[in-house]
Amino acid sequence: MVRVYEKKSRFMVEIRFRWPEDRTVYRERVRSPVGSKTGSQRWGEERERSLLRAGKAVPTSPPEPVTAKEVPTFAAFVQDQWWNTYPAAAKNRPATLREKRKHLDLHLMPALGSVALSAIDRRAIDGLFASLTRKGLSPKYTRNIGGTLHKILTTAVEWDVLEKIPRFPKIRLVDPDWDWFTAEETTLLLRKARDAEEYALLLFPFDTGARAGEQLGLEWGDLDLHHRKVVFRRAVSEGVLGPTKTGKARHVPLTGALVDALKAIRHLRGKNVFCNRDGSPLTLWQLHERLEGACRRAGLRRVRWHDTRHSFASQLVTAGVPLRQVQEYLGHTTIAMTMRYAHLAPNDGGDMRRALERGKDGARPASAESGSAIS
């Protein structure tokens, strides 16, 4: 058995086995002549084989040290290995790959391109994050860049190019501001739709919480108008049809108004529910253009298309729909994402005040003390 461990910044090799001749135990601990853990392990295994070949009665000298593998620079590893393999293996959406490419070209390559992978330590990473902050980049974007770097270094470890990666600093994020329309504002907006197709197009995200890509990829086969349900199976990203953001299908009930609106625009121009007059698919730019025009005609503030999804969730929570149910409709993988809407729940704190109410002497009323415990 060969075991490698670190002691005082050096790798130690422990070799232990039984001699075949008399089954007595041989054991030795030596300082590794190799500077990497993997190299030390190989050196120790070769040392063990050499001892066993020589036999107990014949002394043997340690083998020649194993030459550590040459570690490539960050740029060489990314360009020659990682980028040629990772995108296809990860099956990222086009927008995600575009963002990673941007992280590399604008920030990671200029800062770390000429640095050996093994030299990217915590100090180098802290320096990178500090430079990104000085550039005025947001904490979220800085964390995303760090995520790309972390993935590259993790892959290098998995491919046996690196021994380990340093710890990354944690970046705390503040929940970004977002806007949403109330039910009254949504009604005012929908009244300004120019025709039945635009009305259905605008109503759909407000009543289903669909992401833009999911709506662009929606097909008639995804709708069950009789049972008033829709299933989101796919999404369009950068003009490419693929899976939903989470990679899972999501079922959402349809309102009566939305069912009527969809029936009114039933067409034979193709399988896509929302498309141009010639049957060609709509683009994300067209969605923004339709929403912006309706906001302008209604005299409402301009919002992003994604804010229709925020409006869907906010209106549900305001109406008292449980957060867990809203999470399911939105397709959030964790409840933490849905909790951003928790403050909209119809609760003025009266239950808490009644439970903790005290008299002038500081004592709680008997009715409060005898009540059920807060679970």
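## Briefing: sheets, cores and selected residues

Tyrosine 5 stands opposite methionine 12 in β2. The model is predicted, so local features need pLDDT of at least 70 and side-chain atom pairs count only at pLDDT 80 or more, while totals for chains, interfaces and linings use all residues. Residues are numbered from 1 along each chain as its sequence is written, and side-chain values use heavy atoms, with hydrogens and water left out. Helices (H or I, at least four residues) and strands (E, at least two) are DSSP runs, numbered from the N terminus.

**Sheet β1-β2-β3**

- β1, β2 and β3 form an open sheet of three strands in that order, with antiparallel pairing; two strands pair if DSSP finds at least two bridges between them.
- At the edges are β1 (2-7) and β3 (25-31), each of which pairs on one side only.
- From one strand to the next, the twist averages 20 degrees.
- Six bridges join β1 to strand β2 (residues 10-18) in the antiparallel sense.
- Helix α1 (residues 37-54) lies across β1, β2 and β3 and runs at about 30 degrees to β2. Axes are lines fitted to C-alpha atoms, for helices over the stretch in contact, and angles run from 0 to 180 degrees between N-to-C directions.

**Sheet β4-β5-β8**

- Another open sheet has three strands in the order β4-β5-β8, and its pairing is antiparallel.
- Its edge strands are β4 (223-224) and β8 (250-253), each pairing on one side only.
- Two bridges connect β4 and β5 in the antiparallel sense, and leucine 223 has valine 230 in β5 as its bridge partner.
- β5 and β8 pair in the antiparallel sense over four bridges; phenylalanine 232 has arginine 250 in β8 as its bridge partner.
- A hairpin is formed by β4 and β5, with four residues between them.

**Nonpolar cores**

- The largest nonpolar core has 37 residues, and Leu223, Leu262 and Phe274 have the most contacts inside it. A nonpolar core is a set of buried Ala, Val, Leu, Ile, Met, Phe, Trp, Tyr and Cys residues joined through side-chain atoms within 4.5 Å. Buried means under 20% relative accessible area, exposed over 50%, and partly exposed in between (1.4 Å probe, protein chains only).
- Two or more residues of this core come from each of α6 (183-190), α7 (196-208), α8 (212-216), β5 (229-232), α9 (256-264) and α10 (284-298). α7 gives the most, with six residues.
- A second, separate core of 25 residues includes Leu104, Tyr141, Ala156 and Val161.
- Leaving aside neighbours within four places in sequence, phenylalanine 274 is in contact with Ala200, Leu201, Phe204, Gln215, Leu218, Leu262, Ile265 and Leu282. Contact means heavy atoms within 4.5 Å.

**Packing of α7 and α10**

- Two packed helices are described by the angle between their axes and the distance between the axes.
- The α7 and α10 axes come within 11 Å and cross at roughly 100 degrees.
- α7 and α10 are therefore roughly perpendicular to each other; angles under 35 degrees count as roughly parallel, over 145 as roughly antiparallel, 65 to 115 as roughly perpendicular and the rest as oblique.
- Glu198, Leu201 and Leu202 of α7 make the contact with Leu287, Arg290, Leu291, Ala294 and Arg297 of α10.
- The residues of this contact divide into five nonpolar, no polar and three charged. Here Ala, Val, Leu, Ile, Met, Phe, Trp, Tyr, Cys and Pro count as nonpolar, Asp, Glu, Lys and Arg as charged, and the others, Gly among them, as polar.

- Threonine 155, in helix α5 (residues 139-158), is buried, with a relative accessible area of 5%.
- Not counting residues up to four places away in sequence, threonine 155 touches Phe77 and Trp82.
- Glutamine 81, in helix α2 (residues 74-90), is partly exposed at a relative accessible area of 31%.
- Apart from neighbours within four places in sequence, glutamine 81 is in contact with Pro72, Ala76, Trp159 and Val161.
- A distance of 9.5 Å separates the C-alpha atoms of glutamine 81 and alanine 156, which are 75 residues apart along the chain.

- Aspartate 160, in the loop between α5 and α6, has a positive phi near 65 degrees. Aspartate 160 is partly exposed, with a relative accessible area of 36%.
- Arginine 228 lies in the loop between β4 and β5 and has a positive phi of about 55 degrees although it is not a glycine. The relative accessibility of arginine 228 is 41%, which counts as partly exposed.
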